[in-house]
Amino acid sequence: MGAGETRGDDRVSQVETAGHDPSVRDRAGRDPPGPRWPPAPSCLSCDGPVRPGSLRCYCCDRLVRTLGRPLAPVATACAYRVGEQAHRWLRAYKDDPSPAVRTVTARVLAERFDAWLRWAGDDLAVRFGGPWEAVATVPSTRPGRHGAPVDVLVRSVPSLAGATRVPLVRASAPVGHLVADARAFAVAGGLRPDGPVLVVDDTVTTGARAQSAVACLRLAGWRVAGVVAVGRALDPTVGPWVATYWAERRGWQVPALLARDPRAVAPGRLDG
Ligand SMILES: [Zn+2]
């Protein structure tokens, strides 16, 4: 091992330590306000947390193996822990029993997602190898009466609404938690393959569904730019590398409004 590699390892372990140093949080009374240097290591494919020394996270590693082909890059607007408010927003827009709450949460999420897409636009273009011309959404496991919730969301996001839509539908192959399959979805309609296509979903957990959609599009001849999602589900207790990533990303990526209870945000009071 060369001296440079040793220094790199030292830096990684310093970041891990900083992420767990209670004094870092105590001084400000909250989590550190933004990214620190060096940044927490992230997965080459999904930009999620990765064990120090690894290029890809466990999920992407498994997905590459099951698919047998390269993954598309993934970017998300916010990271969330299951059960916290950002997660409740992403549930509410799909599943809340009140149509008014579903409508309002979808509108707010669309506004915030649009703001993030514009803010991150240059970085996304670099990661995705250029701009996208078309949009495909990952088919929902439970489409609602008015279509898949993510389609409702995309229609409300100004920077996505104008793009050509590539309709994906559910096909025969199952998608497992860590098993992606190009035959899980199919391209509907008679669009001639073109692109690049941006694949959009509301949440990413392992990436299996999104990467299945990517593989399906590629199989049909489309060029895929990458995947974007509103939220990334994380469990910071999985390991110190996840906790470090969480401490760094949550403060500057989770929109402030999403920290509030979705049911407390009444129509007409969206500027929280
Ligand atoms: Zn990954």
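Residues are numbered from 1 along each chain as its sequence is written. Because the model is predicted, local features need pLDDT of at least 70 and side-chain atom pairs count only at pLDDT 80 or more, while totals for chains, interfaces and linings use all residues.

**The sheet**

Helices (H or I, at least four residues) and strands (E, at least two) are DSSP runs, numbered from the N terminus.

| Strand pair | Sense | Bridges |
|---|---|---|
| S6 and S7 | parallel | 7 bridges |
| S2 and S6 | parallel | 4 bridges |
| S2 and S3 | parallel | 2 bridges |

Within S6, Val-200 is the bridge partner of Thr-137, and Val-200 also stands opposite Val-228 in S7. From S6 the chain passes through helix H9 (residues 208-219) to S7 in a right-handed β-α-β crossover (with the strands pointing away from the viewer, the path from the first strand over the helix to the second runs clockwise).

A residue is buried if 20 or more other C-beta atoms, placed from the backbone, lie within 10 Å of its own, exposed if 12 or fewer, and partly exposed in between. In S6, 8 of the 8 residues are buried, so the strand is largely enclosed by the rest of the structure.

**Helix H4**

Ala-86, Trp-89, Leu-90, Ala-92 and Tyr-93 are buried in helix H4 (residues 85-95). Viewed down the axis, the buried residues of H4 fall within an arc of 160 degrees (taken from the directions from the axis to the C-beta atoms), so they line one face of the helix. Their cover includes strand S1 (74-81), helix H5 (99-119) and helix H7 (149-155), contact meaning C-beta atoms, placed from the backbone, within 7 Å.

**Pro-193**

Because it has 14 C-beta neighbours inside 10 Å, Pro-193 counts as partly exposed. Its C-alpha atom is separated by 4.9 Å from that of Trp-222, 29 residues apart along the chain.

Definitions and conventions: Two residues are in contact if their C-beta atoms, placed from the backbone, lie within 7 Å. Two strands pair if DSSP finds at least two bridges between them.
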